[in-house]
Amino acid sequence: TFLPCNDTPSDKATWTFHISAPQGFVATANGELLHKTPGANGSTVWHFGLRERMATELIGIAVVKGTYLYGTSHRGLPLRHVVPHGREDEFAPVVARTADHLAWLEGKFGRYPFSVYGVHIYDGYSDALENQTLSLFSTNWFRPNANGHPTYENTMVHELVHQWYGDCVTPADWQQAWLNEGPAVYYAA
């Protein structure tokens, strides 16, 4: 979709999102779910607030047939994940790994810089993206390799590293994007 904006990484702002989702769908967005209100024709309006400043490039909003799964990190950080509806049992163990990833990275970088984190796994996307507070992944990332072993955790860590490098500490302009990718590639390995 299109959003008119000043797409400069250093031009950060706080954000509020009000997203209408038809019955049977959920809305996702950066930040914390503040509340939901009834909308027209059985829809629900989901209200999200991001009190920490964010660059426009890190916005991630969606309306999907999904299910929210909740947890907490080792220090009590709220975790909220969105997985495809009907595939909760398949992806619950995957998103549960997030707490260990956070603990390991907080040992390297210090406290996670935002008030919430989560993973959004979506069948209609083909890559991975570090949207601030809600990293986006294709379901394709979570297939086992040729030996039957999962290989997705390095990608999950890569996108989580961006919460510190790229999302919290942001380059002044696009010419410095290696400051986002360098640490993410290193710590994923």
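Tyrosine 70 is exposed, its relative accessibility being 60%. This value, like every other in this report, is computed from a predicted model. The cut-off for the exposed class is over 50%, and tyrosine 70 therefore belongs to it.

The structure contains 14 aromatic pairs. One of them joins tyrosine 68 to tyrosine 70 in a stacked arrangement, with 5.8 Å from centre to centre and 15 degrees between the planes. Stacked pairs have planes under 30 degrees apart, which is why the 15 degrees of this pair place it in that class. Tyrosine 68 is buried, at a relative accessible area of 13%, whereas tyrosine 70 is exposed.

## An edge-to-face pair and an aromatic cluster

How are the planes of tyrosine 112 and phenylalanine 114 arranged, stacked or edge-to-face? The two residues form an edge-to-face pair, with 80 degrees between the planes and 5.7 Å from centre to centre. Tyrosine 112 is buried, with 3% relative accessibility, and phenylalanine 114 is likewise buried, with a relative accessible area of 7%.

Tyr112 and Phe114 also take part in one aromatic cluster, whose other members are Trp104, Phe109, Tyr117, Trp164, Tyr165, Tyr186 and Tyr187.

## A charge over a ring

Tryptophan 46 has a charged group over its ring: the charged end of lysine 36 sits there, 4.6 Å from the ring centre.

## Cysteines

How many disulfides does the structure hold? The number is 0. A disulfide is a covalent bond that links the sulfur atoms of two cysteines.

Cysteine 5 is partly exposed, at a relative accessible area of 41%. Cysteine 168 is also partly exposed, and its relative accessibility is 35%.

Threonine 28 lies in strand 2, which covers residues 26–28. Is this residue, threonine 28, buried or exposed? Its relative accessible area is 1%, and since buried means under 20%, threonine 28 is buried.

Leaving aside residues up to four places away in sequence, threonine 28 touches Ile19, Phe48, Gly60, Ile61, Ala62, Tyr68, Val82, His120 and Leu134. Among these contacts is Tyr68, the residue that stacks with tyrosine 70. Threonine 28 and valine 63 are 35 residues apart in sequence, and their C-alpha atoms are 6.4 Å apart in space.

Note on methods:
Residues are numbered from 1 along each chain as its sequence is written. This is a predicted model: local features need pLDDT of at least 70, side-chain atom pairs count only at pLDDT 80 or more; totals for chains, interfaces and linings use all residues. Side-chain values use heavy atoms; hydrogens and water are left out. Rings of Phe, Tyr and Trp (its six-membered ring) pair if their centres lie within 6.5 Å; planes under 30 degrees apart count as stacked, over 60 as edge-to-face and the rest as tilted. Buried means under 20% relative accessible area, exposed over 50%, partly exposed in between (1.4 Å probe, protein chains only). A charge sits over a ring if NZ of Lys or CZ of Arg is within 6 Å of the ring centre and within 35 degrees of the ring normal. A disulfide is a pair of cysteine sulfur atoms within 2.5 Å. Helices (H or I, at least four residues) and strands (E, at least two) are DSSP runs, numbered from the N terminus. Contact means heavy atoms within 4.5 Å.
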